[in-house]
Amino acid sequence: MSTEVLPVAADPFDELASGYDASFTSTALGEYLRSMVWQRLDETFAGRRRLLEIGCGTGEDAVHLARLGFDVLATDASMSMIREAERKAQHAACANRIRFRCTPMERLGADLAGETFDGVFSNFGAVNCARQLDAVAADLALLLEPGAPLLWVVMGRNVPWEWGWFLARGEWRKAFRRRRKGGVAWRGMHISYPTPAALGRALRPHFAEVGRRALGVVLPPTYASGWLERSPRTLSALTRLERALHRWQSLAALADHYIFEARRLPAHADA
């Protein structure tokens, strides 16, 4: 394992790093949602070798893929997240297959110039923090071989679960915050919530969509899931329904997150 650190300013996620796994990764909801993502990761990247991860957070996905034999370059703008991920990789005895790099996604094209990967992924909303998704897509196109798969898990724009949760509490602005033009201000950043169709447009002409899946259309967002931790039977019932609806592509536009899959097009398509 090696870690490459570039001069970056303190990241808004730094202060969240130490408690992230306890607040999401290790919860019953977090574990179930991640298992659904891992199923797609394992199938999508089968036969691939060298993967690029955007927004690796505490390293849960990088460790999973490294254990399967992939070589992973895990990137994140938060040095605190990177440190948590390093410790996790060391504990899992797979650090030799993971290289960590602290760099924002907007600089991947410049910072990784000359490197090539045969797959790229990003989990649980990291790409929602991108200032310009089309620019990120153009940079990734320079780093990926033709035909390389892209798999991103993105926070959705239209979430009935969120509408109902906050409207029931009289919080109208929060209920429809994801629909605000220009995104939502958060800790000095702007978070955007593209629909699956808008994301597909942002990735063109470098990538072609091959599929989309709902993730959290029946199951609630994390902030509304505390009651599920106390009700295993309800969680079990909702997870069964969630899995049954997972393949309905139309529901991806109504989910808390959605899995978006695409392929790198041949270089001549960029022209």
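## Terms and basis of the model

Two strands count as paired if DSSP finds at least two bridges between them, and the strands themselves (E, at least two residues), like the helices (H or I, at least four residues), are DSSP runs numbered from the N terminus. The model is predicted, so local features need pLDDT of at least 70 and side-chain atom pairs count only at pLDDT 80 or more, while totals for chains, interfaces and linings use all residues. Residues are numbered from 1 along each chain as its sequence is written, and side-chain values use heavy atoms, with hydrogens and water left out.

## Strand 2 and its partners

Strand 2 (residues 50–54) is joined by five bridges to strand 3 (residues 71–76), and the two run parallel; within this pairing, leucine 51 stands opposite valine 72. Strand 2 also pairs in the parallel sense with strand 5 (residues 120–122), over two bridges, where valine 120 is the bridge partner of leucine 52.

## The β-α-β unit

Together with helix 3 (residues 60–67), strands 2 and 3 make a right-handed β-α-β unit, meaning that, with the strands pointing away from the viewer, the path from the first strand over the helix to the second runs clockwise.

## Cysteines

The structure holds zero disulfides, a disulfide being a pair of cysteine sulfur atoms within 2.5 Å. The sulfur of cysteine 94 has its closest cysteine sulfur in cysteine 56, 12 Å away and therefore too far for a bond. For cysteine 102 the closest cysteine sulfur is likewise in cysteine 56, at 8.8 Å, which is too far for a bond. Cysteine 94 is buried at a relative accessible area of 4%, and cysteine 102 is buried at 0%.

Conventions. Buried means under 20% relative accessible area, exposed over 50%, partly exposed in between (1.4 Å probe, protein chains only).
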